[in-house]
Amino acid sequence: MAKRAIFSSLGFIVLLTGCSAGDSKSVSTTVPTNTTAPQAAVTANASNDEKVTIEYWQYQYPAKVELITKLIDDFQKKYPNITVKQTTFPYDQYNEKVATLVPAGKGPDVINLYYGWLPKYVASGFLQPLPESAFSEEKIKSEFFPFVETAKLNGKYFAIPTAVRTLALFYNKDLFAKAGLDPSKPPATWDELVTYGKKLTEKDRNGQFVVEGIAWQPGAQLHHWFRDALVYQAGGKDISDDRRHILWNESPAGLEAFKYLIDLSLVHQLGTKDFYNDDITAFKGGHAAMNIDGSFQLGGIGKDAPNLNYAVAPLPSYKDKATQVSFWANAITKNVQGKKLEAATAFLQFLTSKEVQEQWAEKVGELPAKKEVALQDKYTKDEKLGPFISQLSYAHAHYFVDEKLERDYFTQAVDEVVLNKVPYEKAFDDLVKKTQKLFDDYWAKQDKK
């Protein structure tokens, strides 16, 4: 988003970038801040003279690392007795590092994690519940959007988000105009998405893509689009209220949604896997006319493709409206006690303050997690943030018991159809069975505790 003061979004999940363990970085700074001091019993002594150091971990996402570095400076200005060290790791190493170091009493005191990892982290004993004196259930329910409930396990909240994100349709206005389409009227239905996609697709004389009508990367955001948007839009439901049963096959909706997503590539030939490496790279480079993606991409597009003439629209709908919502949250690891716990709690309260959430919206491209902050006119009326916020009333957050395996199962099922010519019905049935087994195994272990 070229030359805009606000790059943001509302939803909850993000792509992590990689580097080796040797590339992990620590940032430690000391400076005073104007941010309002957190108020809670557990942090009452956080500003005394006793020096304390806490370690904060997050993944290597440039916009977030840059902002957290600044926020650490601000926090330490307010609490000069607290030093916060930031360490970052690539996505592929993150869970492994946590699993190795946290049980040994090492590693982070405060950790940034994807909400879909929470069930596994809590079951493994990596985290402690948030201090109720600072984050009571009443306070969380009144201040945050309802999907924060996915951070509540065994009756307690284990993490709190700073920002959230939803999925929406990104589209290239110049490519729309080139194809004779009105850039002010993006596709609003499943059928229109296909119709527009065909007009926008360009291929060379050998039948190879020059421009995808719509980027198609099942392992990126499309698996979320399937579970929390397409299934609901087709009249179905993702998961039972008790979080134990996958419901995709309880009606024709699941298979219809699965087939629609695959047919965008296989039948309509609007896009293909790994074109220009991935969906967001193709879109930023003008090689994909449309892309289903998260609001967290707004900041990255603004930095990497400042001259890209694009817009955002709510997801095309079918029988009903729906979108996916997700978030990265912050939590406190299990062994943090005493002064470190006070400092960690103060840092969490700082990260969820109005001032910080507004910076997150403007610098990273994610929407504030608190209702009163996100629903300000400056966000709801923003041309790029507004479409994300407008979908919050019908947004869904899948309950992951194993985020990586659930994503892998979905992409494998899609590959079975596209690459191995397995019938849709068989691939879909196998996907449901494998996913349900994950849930059965998870809940069997939980029920024994």
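This is a predicted model: local features need pLDDT of at least 70, side-chain atom pairs count only at pLDDT 80 or more; totals for chains, interfaces and linings use all residues.
Residues are numbered from 1 along each chain as its sequence is written, and side-chain values use heavy atoms, with hydrogens and water left out. Local features need pLDDT of at least 70 and side-chain atom pairs count only at pLDDT 80 or more, while totals for chains, interfaces and linings use all residues.

Start with the rings. Rings of Phe, Tyr and Trp (its six-membered ring) pair if their centres lie within 6.5 Å; planes under 30 degrees apart count as stacked, over 60 as edge-to-face and the rest as tilted. The count by this rule is 37 aromatic pairs. Take Trp57 and Tyr94. Their ring centres are 6.5 Å apart and their planes stand at 55 degrees, so this pair is tilted. The pair links distant parts of the chain: Trp57 sits in strand β2 (residues 52–59), Tyr94 in helix α2 (residues 91–101), and 37 residues separate them. Helices (H or I, at least four residues) and strands (E, at least two) are DSSP runs, numbered from the N terminus.

How accessible are these two side chains? Buried means under 20% relative accessible area, exposed over 50%, and partly exposed in between, with a 1.4 Å probe and protein chains only. Trp57 has 2% relative accessibility, so it counts as buried. Tyr94 is buried too, because its relative accessible area is 0%.

Now turn to Trp190 and Tyr260. Here the ring centres are 4.3 Å apart and the planes are at 20 degrees, so the pair is stacked. Trp190 belongs to helix α6 (residues 190–200) and Tyr260 to helix α8 (residues 253–266), so the contact ties together parts 70 residues apart in sequence. Trp190 is buried at 5% relative accessibility. Tyr260 is buried as well, at 12%.

Ring pairs also build a cluster. Its members include Trp57, Tyr94, Tyr114, Trp117, Phe327, Trp328 and Phe400.

A charge sits over a ring if NZ of Lys or CZ of Arg is within 6 Å of the ring centre and within 35 degrees of the ring normal. The charged end of Lys203 is over the ring of Phe209, 4.7 Å from its centre. Lys384 lies over the face of Tyr310, 4.6 Å from the ring centre.

Next come the salt bridges. Side chains of opposite charge can pair when their charged atoms come close. A salt bridge is a side-chain nitrogen of Lys or Arg within 4 Å of a carboxyl oxygen of Asp or Glu. The whole structure holds 27 salt bridges. In one of them, Lys178 meets Glu202 at 3.2 Å, N to O. Lys178 is in helix α5 (residues 173–178) and Glu202 in strand β9 (residues 202–203), so the bridge ties together parts 24 residues apart in sequence. Lys178 is exposed at 60% relative accessibility, and Glu202 is partly exposed at 26%.

Asp241 and Lys237 form a salt bridge at 2.7 Å, N to O. Asp241 is exposed, with 70% relative accessible area. Lys237 is partly exposed, with 30%.

Asp415 and Lys273 meet at 3.3 Å, N to O. Asp415 lies in helix α16 (residues 403–418), and the pair ties together parts that are 142 residues apart in sequence. Asp415 is partly exposed at 22%, and Lys273 is partly exposed at 37%. Finally, salt bridges with shared partners join Lys354, Glu358, Glu362 and Lys378 into one network.
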